[in-house]
Amino acid sequence: MMSETERRARVARLETFAQRAPGAYRMRLALLAALGFCVLGGAVVLALGLSVGLVALLLVISPLLLVKLAKVVWIPIGFGWLVLRALWVRFEPPAGRPLAPGEAPRLVAEVERLRRAAGAPRLSGILIDDDLNAAAASVPRVLGLFGHRHYLVLGLPLMQLLDPGQFASVVAHEFGHFGGGHGRFSGWIHRVRLSWYRVLDGLAARGAWASRVFERFFRWYAPYFDAYSFVLARQNEYQADAMAARLAGADVAGSALIRVNVGAARLAHEFWPSVIDANRERAEPPDRLLREMATALRSPHPEDDARLAAQLTARAGVHDTHPTLAQRLQALGVEAMVAPPPERSAAELLLGDLLPSLEAAFSEDWRLRIGDGWRERHRAHAEDRDRLAALESGLARTPAETVEYAALVERVRPQDDPVPLYRDAVRVAPQDAFAHFRLGALLLERDELAGVGLLHHARMLDPGAADAVNEALAAYYRRRDDLDALDAVISDQVSIDDRRRGA
């Protein structure tokens, strides 16, 4: 496997090469993708050729021998069929509520106007979902041999957050992917990846000797293919942003990017935590989630400038296919600034009477999905409160109760700092793996290096905690951009997973 350090260096070299010689870069990527299909296709031809050759040879020697060795003939046929099935990757249409004929005519007209201006292919449908996002999806017919069906997926929260001009820039960005052929080319690249994983999984499940041959090739091939396709994904984003700037204006496209990034931070740090807090007090989930989300997104907030500043200093992760906000704004030539909330959102203007029914439908779908879990967590919160009260009413606690008390305070009173309580728990219960793990994880969230030693000690006390320990360490090293330490954690987790598969 390639280390994170090696992967970053390779991606950097390829990005430079792609900027210097874009045609040569895409040609190399296409040839690299074709190599994967050629190896798979060659395996099919070889397997079927062996079967035909065996039949012909046995017929020449003795027809009776052919009957006796019929099972031998079927072995390469079965292998060829397995590889052939791996090449047949089925792509489902994207999820979402499709607009019926006659629904939201203003939205349909605006999307069609932007599609024509972008030179994008005709759409097979417009779908609405409940994400703060938009997406262009190309679904191939028979591996793309008979063309593609194109869909535009629009998130209702996104439409509620943006004004009509900003929304138009987002749609233009997605049509930039369509118009540039990104969906088709990237879809083909994605099929190569899926085909390899499917054939290796199928061979491994049968314990086939041939899986070792394919795996050896794939371990050499995959890192190159991954790095090349990663650069393509980032290039596509810049090109789609350029389409948004051409159709809606660079300033509008930049303001849309800023609003979406700040809005996502609001949801992550305010809205969803408030929903979790409500779970402690309410036995049933709220019934107007999408309306409450729209209000949270549209209202001005004093933390918006600080959140934008944090977004502008964020670095692109080694696996982030999207450039950072700062990189995208620089490419657009736009100054970073939080715009005031729009007087009328794109959802209000373009969806009209359909907006309330969509809010109600998505809210009800969410209630149905999480209802059982919500009620179970509410019941567990009530039990935690009762148990915490019982522990606080006692005169003394055992070491185990000291650990339990710290965990209960962390769950029941999130406004309290649990670190001193876990420090006390580690002191009185030095063999408790959970206390060491939680204290270590909390310290790493504060960027305190002492958490690393506590996590390793937790794993020593309980080897079964290895997955959780590695997850916390990986998040910490990735945030600090310590790729050498991150490589060591990933390598350790790969070894653990390999041992499990072997068992």
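Is Asp481 buried, partly exposed or exposed? Asp481 is partly exposed, with a relative accessible area of 25% (buried means under 20%, exposed over 50%, and partly exposed in between, with a 1.4 Å probe and protein chains only).

## Basis of the model

This is a predicted model, in which local features need pLDDT of at least 70 and side-chain atom pairs count only at pLDDT 80 or more, while totals for chains, interfaces and linings use all residues. Residues are numbered from 1 along each chain as its sequence is written, and side-chain values use heavy atoms, with hydrogens and water left out.

## Two loop aspartates

Most residues other than glycine have a negative phi. Asp481, although not a glycine, has a positive phi of about 60 degrees. Asp481 lies in the loop between helix H20 (466–480) and helix H21 (483–502); helices here are DSSP runs (H or I, at least four residues), numbered from the N terminus.

Asp447 also has a positive phi, near 60 degrees. The loop that holds Asp447 runs between helix H18 (433–445) and helix H19 (450–461). Asp447 is partly exposed, with a relative accessible area of 41%.

## Packing of H1 and H2

Two packed helices are described by the angle between their axes and the distance between the axes. For helix H1 (residues 4–20) and helix H2 (residues 22–61), the axes come within 5 Å and cross at roughly 125 degrees. Axes are lines fitted to C-alpha atoms over the stretch in contact, and angles run from 0 to 180 degrees between N-to-C directions. H1 is therefore oblique to H2 (under 35 degrees is roughly parallel, over 145 roughly antiparallel, 65 to 115 roughly perpendicular, and the rest oblique).

On the H1 side, Phe17, Ala18, Gln19 and Arg20 meet Pro22, Ala24, Tyr25 and Arg28 of H2 (contact means heavy atoms within 4.5 Å). These residues comprise 5 nonpolar, 1 polar and 2 charged (Ala, Val, Leu, Ile, Met, Phe, Trp, Tyr, Cys and Pro count as nonpolar, Asp, Glu, Lys and Arg as charged, and the others, Gly among them, as polar).

## Packing of H10 and H12

Helix H10 (residues 250–281) packs against helix H12 (residues 304–313) at an angle of about 110 degrees, with the axes 10 Å apart. H10 is thus roughly perpendicular to H12. Residues in the contact include Ile258, Arg266 and Glu270 of H10, and Asp304, Arg307 and Leu308 of H12. By class, this contact of H10 with H12 has 4 nonpolar, 3 polar and 4 charged residues.
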